[in-house]
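Dear colleague,

I am passing on the structure below, together with notes on what was found in it. Please read them with the model open beside you.

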Amino acid sequence: MPESEVALEYARAKGVDGSMLIIEDSTSSTADQMRWIKNNLMTGGISSGDIIIISDAYHLPRAIEISKFFNLDIKVAESIHKQDFKDKITNKIRESIALFNFWNFAL
């Protein structure tokens, strides 16, 4: 089952109104996801301030920076997923490289 569907089912199990959730499963990068939000949700009358991006803590700083690039004023929420020290270091390095690439090459 895709990660987004698992998250949707988890949110529903915790009592979140499913009609308030949108699953985006057509993109493959954070920049593409922010572009999708801008092109699909903002044109539908939803304010970017009403959007909450849920992701792992290591990924949220990059999501916030990329959302600023697209002039989106999103909110973020950290998932409860915890990582061991090795995974934290690996993901910090990966996210740093990804953010560097985005700001230098718009990738």
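I93 has its place in helix α4, which covers residues 85-105; helices here are DSSP runs of H or I with at least four residues, strands are runs of E with at least two, and both are numbered from the N terminus. Together with F85, I89 and I97, I93 forms a nonpolar patch on the surface, and the four have about 420 Å² of accessible area together. For a patch, residues must have over 30% relative accessible area and no salt bridge, with like charges joined within 9 Å and nonpolar side chains (Val, Leu, Ile, Met, Phe, Trp, Tyr) joined within 5 Å. Accessible areas come from the Shrake-Rupley method with a 1.4 Å probe, and for residues only the protein chains shown count as cover.

Please keep in mind that this is a predicted model, in which local features need pLDDT of at least 70 and side-chain atom pairs count only at pLDDT 80 or more, while totals for chains, interfaces and linings use all residues. Residues are numbered from 1 along each chain as its sequence is written, and side-chain values use heavy atoms, with hydrogens and water left out.

Turning to the pockets, the largest pocket holds about 1800 Å³ of space. Its lining is made up of 44 residues, of which A7, I52, I53, I54 and S55 are the closest to its centre. Two or more lining residues come from each of α1 (3-13), α2 (30-41), β1 (52-55), α3 (60-69) and β2 (75-78), and α1 gives the most, with seven residues. By class, the lining of the largest pocket divides into 24 nonpolar, 11 polar and nine charged residues, where Ala, Val, Leu, Ile, Met, Phe, Trp, Tyr, Cys and Pro count as nonpolar, Asp, Glu, Lys and Arg as charged, and the others, Gly among them, as polar.

The second largest pocket has a volume of about 170 Å³. It is lined by D56, A57, Y58, E78, S79, H81, K82, Q83, K88 and K92, which by class are two nonpolar, three polar and five charged residues. A pocket is, on a 1 Å grid over the protein atoms alone, an open set of points where a 1.4 Å probe fits, with protein on both sides within 12 Å along at least five of seven lines, and lining residues have an atom within 4 Å of a point. Grid points are joined across faces, edges and corners, and a volume is the space filled by probe spheres set on the points.

The structure also holds six salt bridges, each being a side-chain nitrogen of Lys or Arg within 4 Å of a carboxyl oxygen of Asp or Glu. One of them joins the side chains of R12 and E9 at 3.2 Å, N to O; these two residues are three apart in helix α1, and so are separated by about one helical turn. R12 is partly exposed at a relative accessible area of 42%, and E9 is partly exposed at 41%, the term covering values between buried (under 20% relative accessible area) and exposed (over 50%), with a 1.4 Å probe and protein chains only.

In helix α2, R35 and D32 lie three residues apart, about one turn of the helix, and their side chains meet in a salt bridge of 2.7 Å, N to O. R35 counts as partly exposed at 35% relative accessibility, as does D32 at 30%. A further salt bridge links the side chains of K68 and E65 (3.4 Å, N to O), and E65 is partly exposed, with a relative accessible area of 26%. Salt bridges that share partners also join R62, R94 and E95 into one network.

Lastly, N71 is found in the loop between α3 and β2, where its phi is near 55°, a positive value in a residue other than glycine. N71 counts as exposed, at 64% relative accessibility.

With best wishes
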